[in-house]
Amino acid sequence: MKYSIIIFVLISFFSKCEQDDRFTTAGNRMVQDQIVARGVTDSATLTAMRKVPRHLFVPPELIRYAYDDNPLPIGSEQTISQPYIVAFMTELIKPQKGQKVLEVGTGSGYQAAVLAEIVDSVYSIEILPELAESAERRLKQMGYRNINIRCGDGYAGWPEAAPFDAILVTAAAEEIPQPLIEQLKDGGIMVIPVGSMMSIQALTVIKKEGEEIKKETVLPVRFVPLIRSE
Ligand code: SAH
């Protein structure tokens, strides 16, 4: 009896190790084939994308698709973005140690985790309570101590924690939210998909330089729309 328990524990342990190895391989392949192959070069971004276990951010029934080259549903009609888009947006804000970054649209918490591997602190706002709660639980369980999550309308930003070195919006806005521009540091960068759900949106990079706001569109994208609380 005692030996069969020991054997069971050993088998469970080794099959868990084998499964972890498979996910690590899938993660490395995802970075090489989908992200490096499309031109992302920032080493901090690539290291973070290799490190964060994406399969822990998708619903259990979709785990086998976690490292595929597409977005996946996460419930409440929302999605976790395609891995390449997460990496591309991360690279665009030029993340560095010592920085404070705001994300609007926590969703699964995956983008927040990727950022938290690089910068000092991440503030992330999610409008749907069920997603805010599950992301917070997940990130805490995974040991992230530098991510702060709030449930609310991200259009208004997080004034008490501002200003931010960078702001990343992961839902499409019809117009660029003025409060977010105000909460950017001088020299800060914001990345936001702009446009309506009907059309293809333009991933837009905004740079704040003193009084000047520079805008550049970099890629056609399709995100879920930013929900407004009335
Ligand atoms: N970054 C997420 C995916 C984003 S999907 C990830 O890594 O998984 C877009 C998310 O934005 C959804 O979860 C949606 O509920 C949220 N959202 C939509 N409108 C919002 C708003 N006004 N404020 C905050 N979050 C919002």
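**Helices, strands and a ligand in a predicted model**

Helix 3 (residues 83-92) is largely enclosed by the rest of the structure, because ten of its ten residues are buried. The run goes from Pro-83, Tyr-84, Ile-85, Val-86 and Ala-87 on to Phe-88, Met-89, Thr-90, Glu-91 and Leu-92, and each of these is buried. After helix 3 comes Lys-94, which has a positive phi, near 50 degrees.

Helix 2 (residues 43-51) is another helix with a buried side. Its buried residues are Thr-45, Leu-46, Ala-48 and Met-49. These residues cover an arc of only 165 degrees around the axis, so they end up on the same side of helix 2. Ser-43 and Lys-51 are exposed, and they sit on the face of helix 2 that is turned away from the buried side.

Leu-131, Ala-132, Ala-135 and Leu-139 are the buried residues here. Looking down the axis of helix 5, the buried residues fall within an arc of 100 degrees, which means that they line one face of the helix. So what covers them? The cover over the buried residues of helix 5 includes helix 4 (110-116) along with several strands, namely strand 1 (72-75), strand 2 (78-80), strand 4 (121-126) and strand 5 (147-151).

Take Gln-141, which belongs to helix 5. Its relative accessible area is 69%, and because exposed means over 50%, Gln-141 counts as exposed. Between the C-alpha atoms of Gln-141 and Met-49 there are 19 Å, with the two residues 92 apart along the chain. Just past the end of helix 5, Gly-143 has a positive phi of about 95 degrees.

A few single residues show how the parts meet. Gln-34 is part of helix 1 (residues 2-36). With a relative accessible area of 8%, Gln-34 is buried. Its side chain gets to within 2.9 Å of a backbone atom, the oxygen of Tyr-67. Setting aside neighbours within four places in sequence, the contacts of Gln-34 are Arg-29, Tyr-67, Asp-68, Asp-69, Pro-83 and Tyr-84. Two residues on that list, Pro-83 and Tyr-84, are also among the buried residues of helix 3.

Ser-124, in strand 4, has a relative accessibility of 0% and counts as buried. The side chains of Ser-124 and Thr-106 are joined by a polar contact of 2.8 Å. Apart from neighbours within four places in sequence, Ser-124 is in contact with Glu-103, Thr-106, Ala-112, Asn-148, Ile-149, Arg-150 and Trp-158. Trp-158 is 34 residues away from Ser-124 in sequence, yet their C-alpha atoms are 8.7 Å apart in space.

Ile-189 has its place in strand 7 (residues 184-194). Its relative accessibility is 8%, so Ile-189 counts as buried too. Not counting residues up to four places away in sequence, Ile-189 touches Leu-92, Ile-93, Lys-94, Asp-165, Ala-166, Ile-167, Leu-184, Val-205, Ile-206 and Lys-207. For Ile-189 and Ile-167, the C-alpha atoms are 6.5 Å apart in space, while the residues are 22 apart in sequence.

Ser-108 has a side-chain N or O atom 2.6 Å from an oxygen atom of the ligand. Gly-154 uses its backbone instead, with an N or O atom 2.8 Å from a ligand nitrogen. A nitrogen atom of the ligand also lies 3.1 Å from a polar atom in the side chain of Thr-170. How much of the ligand does the protein bury? On its own, the ligand exposes 580 Å², and the protein buries 100% of that.

Note on methods. Residues numbered from 1 in each chain as written. Predicted model: local features only at pLDDT ≥ 70, side-chain atom pairs only at ≥ 80, totals over all residues. Heavy atoms only, no water. Buried < 20%, exposed > 50% of the residue type's maximum accessible area, 1.4 Å probe, protein only. Helix = DSSP H or I, 4+ residues; strand = E, 2+ residues; numbered from the N terminus. Arc of directions from axis to C-beta. Contact = heavy atoms within 4.5 Å. Polar contact = N/O pair within 3.5 Å; in protein donor to acceptor, adjacent residues only side chain to side chain. Areas by Shrake-Rupley, 256 points an atom, 1.4 Å probe, with all protein chains shown as cover.
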